[in-house]
Amino acid sequence: MKINQSVWASFLALSCTVVVGALQLPQLHYLQHKAENLSPATLNQEVAAEKLRLQLLKKTPAFGFDNLLANWVFLNFLQYFGDDDVRAITGYQLSPDYFEIVINRDPRFKDAYYFLSTSCSLYAGMPDQSVKLITLGLKSLSPQVPDKSYYILRQKGVDELLFLGDNQAAKQSFDKAAEWASIYQDEESQFVAALSRQTAKFLAGNPNSKFAQVNAWTSVLTTARDKRSRQNAINRIESLGGKVLISPEGKVQVKMPPKD
């Protein structure tokens, strides 16, 4: 019986993914102790080699499996980002390279934006690259594709406000996020729409608004996927005069500063 070519292609792609994953597993223990075993010079050489690999991946044809390649590169990024000991020595300079590949291959990969944007802006110190890549991804998005894509607009606004100091651009991003969120009728989306409008209003009245900054850091706190980013957001909120309350169930409540 003749098997459909597309079925073979899907099977081949799945097999490649399984093989790649299997090949990476034996190295997990080694990676966990890399910073202890290797010198800074050697670690930086590995970063340079990874940089070259990522440059090659940017040009590598995916033969129709762009989403699969984006997922694989994102998993590589998570391994890179999560290696705290090594990153403390070499930094996060490759974050924009991972981000560029993922967004070019799968601009609708919503969850990737949270990790990659935070890594670029907060850890690599390259918020301009984060905003540039989010802007590129937004060209392929709409209010409902992917679902609740207004969070990506808020991420752009956070980068513009907190890391670039471009308050006018941030206001526009939060206004647009409110517009996209208002399309949904669920409680979460309506809350985000109201919060985004409020942030934009604060910025319109006071470009240096502490209230706007606290709202932005609250967004980082509630969407961050790693402990370091959440703790950093709490520290920033409290430095602005706000207060973070976390219930035993994990529910977050943020109190605004007494004065803007």
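So, Leu-116: skipping residues up to four places away in sequence, it touches Phe-74, Phe-77, Ser-95, Tyr-98, Phe-99 and Val-102, where contact means heavy atoms within 4.5 Å. Quick caveat: this is a predicted model, with local features needing pLDDT of at least 70 and side-chain atom pairs counting only at pLDDT 80 or more, while totals for chains, interfaces and linings use all residues. Numbering runs from 1 along each chain as its sequence is written, and side-chain values use heavy atoms, with hydrogens and water left out.

Okay, the core. The largest nonpolar core has 40 residues, and Leu-116 is among those with the most contacts inside it, as are Phe-74 and Tyr-98. By nonpolar core I mean buried Ala, Val, Leu, Ile, Met, Phe, Trp, Tyr and Cys residues joined through side-chain atoms within 4.5 Å; buried is under 20% relative accessible area, exposed over 50%, partly exposed in between, with a 1.4 Å probe and protein chains only. The largest share of this core, seven residues, comes from α5. Helices here are DSSP runs of H or I, at least four residues, numbered from the N terminus. Apart from that core lies another, of 20 residues, including Phe-174 and Leu-240.

Next, Leu-138, in helix α9, residues 127–138. Why does Leu-138 count as buried? Because its relative accessibility is 15%. Beyond neighbours within four places in sequence, Leu-138 contacts Tyr-113, Ile-152, Leu-153, Lys-156 and Trp-180.

Last one: Asp-106 sits in the loop between α7 and α8. Leaving aside neighbours within four places, Asp-106 contacts Asn-67 and Ala-70.

Terms used:
Helices (H or I, at least four residues) and strands (E, at least two) are DSSP runs, numbered from the N terminus.
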